[in-house]
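Subject: Structure handover

Hi,

Here is the structure I promised you. Please open it and keep it beside this email while you read.

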Amino acid sequence: MNERKKVLLFSVLIMTAAALVVGAISLFGLYRTAFEQQRERLVETVRSRARLIEAVARFDAMYSASDVPGGPEAATLSQVMRAHEQFRGFGETGEFTLAHREGDKIVFLLRHRHSDLDSPRPVPWESKLAEPMRRALSRESGTVIGLDYRGERVLAAYEWVDVVGWGMVAKIDLAEIRGIFVRAGLVASAVGVAVVLGGALLFLRVSHPLIKRLEGSEARTRAILSAAADGVITIDEQGTIESFNRAAEGIFGWTANEALGEKINVLMPAPHSEHHDEYMDYYLRTGDARCIGSRRELVGRRKDGTIFPVEVTVSEVDLPGRRLFTGIVRDITGRKRAEEALRLDEARLEALVKLNEMAEAPFRQVADFALEEAVKVTKSTMGYLGFLNEAESAVTIYTWSKIAMQECAIDEKPMVFPLAGAGLWGEIVRQRKPIVVNDYAGLKTWKRGYPEGHVHLSRFLGIPVFDEERIVSVAAVANKEDEYQGGDVRQLTLLMDGLWRIAQRQRAREALLESEANLRNAQRVAHMGSWQWEIQTGDLRWSEEIYRIFGLSPDQFGATYEAFLDSVHPDDRRLVQERVDAAVHDLKDYDIDHRIVLPGGEVRHVHELGEVTREVDGTPVRMVGTVIDITDRKRAEGAVQESRRFLQTVIDDIPELLMVIDRSYRIILANRAVRELSGGQDPVSGCLTCFQASHRRDAPCSESEHPCPVRQVIATKAPVTVTHTHFDANGQELLVEIFAAPVLDEAGEVAQIIESCRDITARVRAEEEARERQAELARVSRLGTIGEMATGLAHELNQPLAAIVNYIQACLERMRSGKGDLKELLVDMEQAAAQAERAGEIIEFIRDFVRKREPRRVAADFNALVQGATDLVRLEARRGNVQLHLELADSLPPVTADSIQIQQVVVNLARNGLEAMEETEAGAKNLTIRTSKAGGSSVECAVADTGPGLSKDAMNRLFDPFYSTKPNGLGMGLSISQSIIEGHGGRLSAETAPDGGTMFRFTLPLVDGDRVNDA
């Protein structure tokens, strides 16, 4: 199915649906009308019959109380029943019912039309049936749609008959009311569908040739658009160009293929190009159009960048699923020139006839005259003139008309009026158009009132004065005898526009005089002059400063292009001519440095810039430009080059790698060491980056590999020091220490980074060797410690070995005697095994203590480490009659440590304390080893003795290598212990103990993430 048939089918479906909807709406309206009529008829019926029955009941109560069995109520009911016998009902289902309540039942008094004709059955009061009658017997009246005594939905009117206590209902089935409309709807729908189908077939026969002609018309339209004199451009909601006719190509200099797919902004100069998207977004969101459907004069930008005036009419094309905007663009450059001339003529003839003579007068005098003239030509009695601030939020009154000043009785007349609280004059700004009020008293809007003493207003005319799109002034006149007309608006506008042009001209003249003076001063200070060359005539005009630069006077200079060339240095003359010709004929920039020769022979350097002005057809008319004396700059550049060479020489003698890097990692200055690292290649002239020169790679270091100093300096704006690996020219890896510092620009941002790199490969290797020697020395120290403790250790081992011998001998004797019980033998053997395990643990601990191995730092129980080390010195303490006190804190977190090294420290400190107390009295020897918390991230061990203590000098030198207070000491134990603790990230210190001896303290950091609870 082609597109046309789809459209036709879709149209038929829409027409069918529309016909059905219209029919349904019409039938629904008729149904509602019939329903309301039926409801009113039922209400009228039930009320009239209720009033009739009440009248009969009152009559029977008066005259039939005794002569009718059952009394007046029975008399009334019998009359109603006789009348009801003659009433068949209305419609197919309509009927009239009467009932009263007996206990919890509704008892019907009249026979029904549909069932129980003679004896209607009662309905329970709580039943959902007989809803209208239940409401009537509840002493209510009205209408309701509900279930009757049969369970059918009915429209019913109900009424309470108070005289006899009956309920009365007139009702009709809803199905009867609706039935006729349902049948009519089906018939109307069938007829409508038949009419639509017939119309569709007829439309197809009629429209086929029309569609053919329409397709031909579309082709002709495309041809017309292509041949149209005005540019026709279509864009989508995003501002993307979708069509661009031939006239648009000629106007903007873009071909259709180049323009299609571009943003419409490319055809607009700044600032319009920046605001277009904001305006389009605002329009699409709010529908508030400022230029859609109207013709506006704007400015366009050609492909070559030239700006020109255009007239644009934009209209929106609302298509299914999308929105397009079509603009008709006309180049009005010629027309604008004509309009400008016409505007000047009108101003001369209509507005500036009187003002022109005062153009040179002080502006206050001109403004007063213009306002008085405005009051006069509009036949008003008063007026004022005010100027708006830049934000158009407040007006300052500049002048009042004489009559207004005389009649105004306000003592302190305000001069500044905010827009937010303004009435009529505010509307001038808010609506950005003239405001005319010929019935101020009857005005209901805009008025904010005026203070007591203000001149009474009867009529008002106010106009805005525009400078391009900004309102700069508001002027108003008031109280004309006749109504203000359009001519008054025009007269006031012309006068105020003329006044504003005079103000602009005076301001421009003052600015020009000031600018010329500033230009002369600036040219004199900057050694820069300006020139203008008429290409067709060859005339050349110089500013005063150019004469000074060239060392000439106006009477010495021929004022021609040839005379200028005579002043150019002979070696540069040909280059200057080529550049001038290229600017005039090839549309190239005229931007050149060259030399000139002064009359006295002095050579100077100048920099020239020039720009060519052309006619519309491209013919060059004139060339304007500037000349700057750059002789001093050339000399300075030479000095800078010399200084740079000197600086390069200085930094080349620095053995460390030194380079300056910009934010893109490019090396802009480097010394000889960097060039050698790069294999002799100059990284500056080669445009190398720091990672190419140093790392032999094509991308900066990632944070997962090495911390990049350049990235860190840029991020922090502060110096950093990092350790990195570099590769020399032979590919050998070097370990370097880099110091990087920022060079900040005027805005405080990092412009460059200075890097100094020091090769620390040998130093690191030496440090590694030193650590290995220290570890070996610590092991030797542990061997010495074990050697010194050999006697005590032997005694420690003798105890379990002797116990093992005794247990085994006892077992052997029992076995030889044959009296050994198996259970007793097992007990002795288990005891012997336990003693053997104890001896093995002692031997294993000693072996680990003195074994050579790599340091291993793992999570360890600090108390357990201290406890194990204390066991090694416990026997030695007993032999020396020393009381050993072990005080371990509860619940200490684990530490990161090498167990053997930490135990070596504890043993060294404890044995130093034991040796210090050798001369102390037996009862006063106490060695205390205590663990505790030391802040949130570390724990502490303290070893205190009660010996004689240390002198101040000994305390200061205590941790120096080879310093010892013992006669035969090597002086390495405490130095090694300090190295071990500091290598673990802790601190070892000594102080005088509270009891007069010496106390050593050392701390260790906890496992990462753990903290000590100080509570």
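Start at Asp-230. Setting aside neighbours within four places in sequence, Asp-230 is in contact with Asn-245, Ala-247, Ile-328, Val-329 and Arg-330. One of these partners also makes a polar contact: the side chain of Arg-330 meets the side chain of Asp-230 at 2.7 Å. Keep in mind that this is a predicted model.

Where does Asp-230 lie? Look in the loop between helix 4 (174–227) and strand 7 (231–235). Is Asp-230 buried or exposed? Its relative accessible area is 16%. Buried means under 20%, so Asp-230 is buried. Now find Arg-246. Asp-230 and Arg-246 are 16 residues apart in sequence. In space, their C-alpha atoms are 8.9 Å apart.

Helix 21 (residues 790–817) gives the largest share of the patch, with three residues. Met-815 is found in helix 21. Why does Met-815 count as exposed? Its relative accessibility is 55%, and exposed means over 50%.

Last stop: helix 26, which covers residues 973–983. Which of its residues are buried? They are Leu-974, Ser-975, Ile-976, Ser-977, Ile-980 and Ile-981. Then step just past the end of helix 26. Gly-985 takes a positive phi there, of about 85°.

Best wishes

Definitions and conventions:
Residues are numbered from 1 along each chain as its sequence is written. This is a predicted model: local features need pLDDT of at least 70, side-chain atom pairs count only at pLDDT 80 or more; totals for chains, interfaces and linings use all residues. Side-chain values use heavy atoms; hydrogens and water are left out. Helices (H or I, at least four residues) and strands (E, at least two) are DSSP runs, numbered from the N terminus. Buried means under 20% relative accessible area, exposed over 50%, partly exposed in between (1.4 Å probe, protein chains only). Contact means heavy atoms within 4.5 Å. A polar contact is a pair of N or O atoms within 3.5 Å; within protein, one must be able to donate a hydrogen and the other to accept it, and residues adjacent in sequence count only if both atoms are side-chain atoms.
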